[in-house]
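Visitor: I should like to learn how to read a model of this kind. May we begin with charge and then proceed to the fold and the backbone?

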Amino acid sequence: MKKTAPKRIVVGITGASGARYGVRILQCLRERAIETHLIISRAGRQVIELETDYRVEEVEALASRTYNDSDLAAPVASGSYRTDGMMVVPCTMKTLSGVANSYAGNLIERAADVTLKEQRRLVLVVRETPLHKGHLRLMAMAADMGAQILPPIPAFYHRPATIEDLVDQTIGKILDAFEIDHDLFKPWGEKENP
Ligand SMILES: Cc1cc2nc3c(=O)[nH]c(=O)nc-3n(C[C@H](O)[C@H](O)[C@H](O)COP(=O)(O)O)c2cc1C
């Protein structure tokens, strides 16, 4: 039933709050020897510095390859370059809008558009609150085109005790979306001592 594990994933980090989700997913993909192609937007760089103890270069070092967000000639800008999909972690409303409208004004938006047109998996970890109807419309538009909208909304059934527990629950959901095995949280219904 389980499909072959993905080997090559494009990761976008944009300037929404929650830069640590982007860092953590890169660590998890690296631990699983998955090839990552990373694009960090200008605002994403700013938020990494503001919200985390990581320098942007340290985050980039977690990826297999990195690209400038303005590099529209990068391999991931073309559908002929095969990948197993893309995730934007976290995803701003601006980038969501770019994706929903196929604006492709930077490499993150272009790579996401390519991912959709090639019918590959696209996961958008959209983050804003509260949401106005325009945000909701954009999410519906992206979902209609095949994107999975996966906001970092924590669950509490696994009894999180730390911020890391909360972060890892969302990271586990992203890995689930790509059918990548993990034990970041115990699925509901699984016994404590099987
Ligand atoms: C500290 C900080 C937190 C932000 N958080 C959010 C957010 O949660 N969601 C959002 O849509 N924009 C947020 N923004 C605004 C975006 O960074 C801004 O709209 C930017 O132009 C997005 O560009 P990008 O999508 O190319 O990264 C935040 C900005 C800063 C500086």
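Visitor: How many positive and negative side chains does the chain have, and how far apart do the centres of the two sets lie?

Guide: In such a count, Lys and Arg are positive and Asp and Glu negative, while His and the chain ends are not counted. Each charge is placed at NZ of Lys, CZ of Arg, CG of Asp or CD of Glu. Here there are 25 positive and 25 negative side chains, with the centres of the two sets 5 Å apart.

Visitor: What should I know about the origin of the coordinates?

Guide: This is a predicted model, in which local features need pLDDT of at least 70 and side-chain atom pairs count only at pLDDT 80 or more, whereas totals for chains, interfaces and linings use all residues. Residues are numbered from 1 along each chain as its sequence is written, and side-chain values use heavy atoms, without hydrogens or water.

Visitor: What is the mean pLDDT of the chain?

Guide: pLDDT is the predictor's confidence in each residue, from 0 to 100. Where it is low, the predicted coordinates should not be read in detail. For this chain the mean is 95, and 96% of residues reach 70 or more.

Visitor: Which elements does the chain have, and in what order do they run?

Guide: Helices (H or I, at least four residues) and strands (E, at least two) are DSSP runs, numbered from the N terminus. The chain has seven helices and six strands, in the order β-α-β-α-α-β-β-α-α-β-α-β-α. The radius of gyration, taken over C-alpha atoms, is compared with a globule rule of 2.2 Å times the number of residues to the power 0.38. The chain has a value of 16 Å, close to the 16 Å from the rule for 194 residues, so it is as compact as a globular protein of that length.

Visitor: Is A33, with its positive phi, buried or exposed?

Guide: Buried means under 20% relative accessible area, exposed over 50%, and partly exposed in between (1.4 Å probe, protein chains only). A33, whose phi is near 55°, has 71% relative accessibility and therefore counts as exposed. Its place is the loop between α1 (19–31) and β2 (35–40).
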